[in-house]
Every structure is written in C-alpha cells, then in structure tokens.
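Please look over the sequence and the model together before reading on.

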Amino acid sequence: MSTPHVVVVMGVAGTGKTTIGPLLAARLGVPYAEGDDFHPPANIAKMSAGTPLTDEDRWPWLDAIGSWAHGRAGLGGVVSCSALKRSYRDRLRAAAPGVVFVHLTGDRALIEDRMAHRQGHFMPTALLDSQFATLQPLEPDEAGVAVDVSGSPEDITQRAMTALTALPEPTQ
C-alpha cells in the first residue's frame, strides 16, 4: 500500500481489537487510537453496569472516531471501534470516506473464553449476546476485509496485513 489507509478494526467485544489494532498500526507504521478512549464517561458507566448502549449513546462516540479518522486521511492510522451496525460504519464513512474496515470474526465460544480471561476491561461477558445480536457483518459494497481471530495475535495481524494489501488505494 503506497498511501496508508485509515483502518477501523471492528468486531464484537473480545475479538481482540485492542490487541490487534496496535500490532497492525506498528506493521503499517501509522498511529493507533483506542476506540474506547472516545467514549464519554456516561457510556462507560452504562456498559460497566451491563447496560447495552443505544444508538443515541453511540452517535457522539462514532462522530469523535470519525473526526480522528478524517484527520488521518492520506496519512494513515488504525483505530479500534466495534462498528457493529452498517449505520455505524456509514456514519464513520460520512466523516472519513476513505476508511477501510478489518472485521475480526470468530467462534462465540472462543471469544467468550478470551473475554473471561482479560483483566481490567469494563465490558462484561454478559453483553456478548447483545453484541452478536447487533452485529451486521460487512456487506460486499463496504471497503474492508473479514479476518478470523483464531491463532496468535501475530497470526491474526499477518492475515489482516495480507487481506489489506488486496484492497484498492484509499479515496480522500
């Protein structure tokens, strides 16, 4: 890729967005932004209490991520964001038309096991069902790739890099 993409690493909780995002950014030589850092405190409090966010809760969060991605257009960057619904991805693309998505996918049992073993994260395993119920996978007209999360973080990152190299150059 001669012009760096702005990549949104997406997927349900527990797929490894926060692990794979920085590894992918390092491989691409671009900055990484943790999507959770864009959440207002009220959203974190809701999720910590086991309450799923509404679309209204998510709009300011998505707008903040979209603004960051827009600022990285032509420069490249990687940001994690669940981006579970098409409407969320459309909102991100409205702010930053050249973004591409790396959808981390995997077996529910594997993802639940990984969530159960991670430390210090506000998203409880109890919300995994709502995440899978909300998930709308990438559609054929969306710029992005699906990457299986089995194996090591390095394996997953390599699969993502290989898939990204097949994408066309980003538009501004």
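Helix 3 has 17 residues and, from its first C-alpha to its last, reaches 24 Å, close to the 24 Å expected at 1.5 Å a residue, where the expected span is 1.5 Å times one less than the number of residues. Helices (H or I, at least four residues) and strands (E, at least two) are DSSP runs numbered from the N terminus. This is a predicted model, in which local features need pLDDT of at least 70 and side-chain atom pairs count only at pLDDT 80 or more, while totals for chains, interfaces and linings use all residues. Residues are numbered from 1 along each chain as its sequence is written, and side-chain values use heavy atoms, with hydrogens and water left out.

The buried residues of helix 3 are D57, R58, W61, L62, I65, G66 and A69, where buried means under 20% relative accessible area, exposed over 50%, and partly exposed in between, with a 1.4 Å probe and protein chains only. An α-helix has 3.6 residues a turn, so residues three or four places apart point the same way. Among the elements that cover these buried residues are strand 1, helix 2 (41-48), strand 3 (77-80) and helix 4, with contact taken as heavy atoms within 4.5 Å.

Helix 3 also takes part in the one aromatic pair that a search of the whole structure finds. The rings of W59 and Y88 have their centres 5.8 Å apart and their planes at 80°, so the pair is edge-to-face; rings of Phe, Tyr and Trp (its six-membered ring) pair if their centres lie within 6.5 Å, and planes under 30 degrees apart count as stacked, over 60 as edge-to-face and the rest as tilted. Because W59 lies in helix 3 (residues 55-71) and Y88 in helix 4 (residues 86-95), the pair ties together parts that are 29 residues apart in sequence. W59 is partly exposed at 22% relative accessibility, whereas Y88 is buried at 1%.

Helix 4 also holds R89, which is buried at 0% relative accessibility. Leaving aside neighbours within four places in sequence, R89 is in contact with residues including M10, F101, Q136 and E142. The side chains of R89 and E142 are joined by a polar contact of 2.7 Å.

What of the nonpolar cores, sets of buried Ala, Val, Leu, Ile, Met, Phe, Trp, Tyr and Cys residues joined through side-chain atoms within 4.5 Å? The largest has 18 residues, and V7, L24, V78, V102, L104, V147 and L164 touch the most other members. Helix 7 gives the most to this core, with four residues. A second, separate core of 16 residues includes V6, A33, Y88 and V99.

Definitions and conventions. A polar contact is a pair of N or O atoms within 3.5 Å; within protein, one must be able to donate a hydrogen and the other to accept it, and residues adjacent in sequence count only if both atoms are side-chain atoms.
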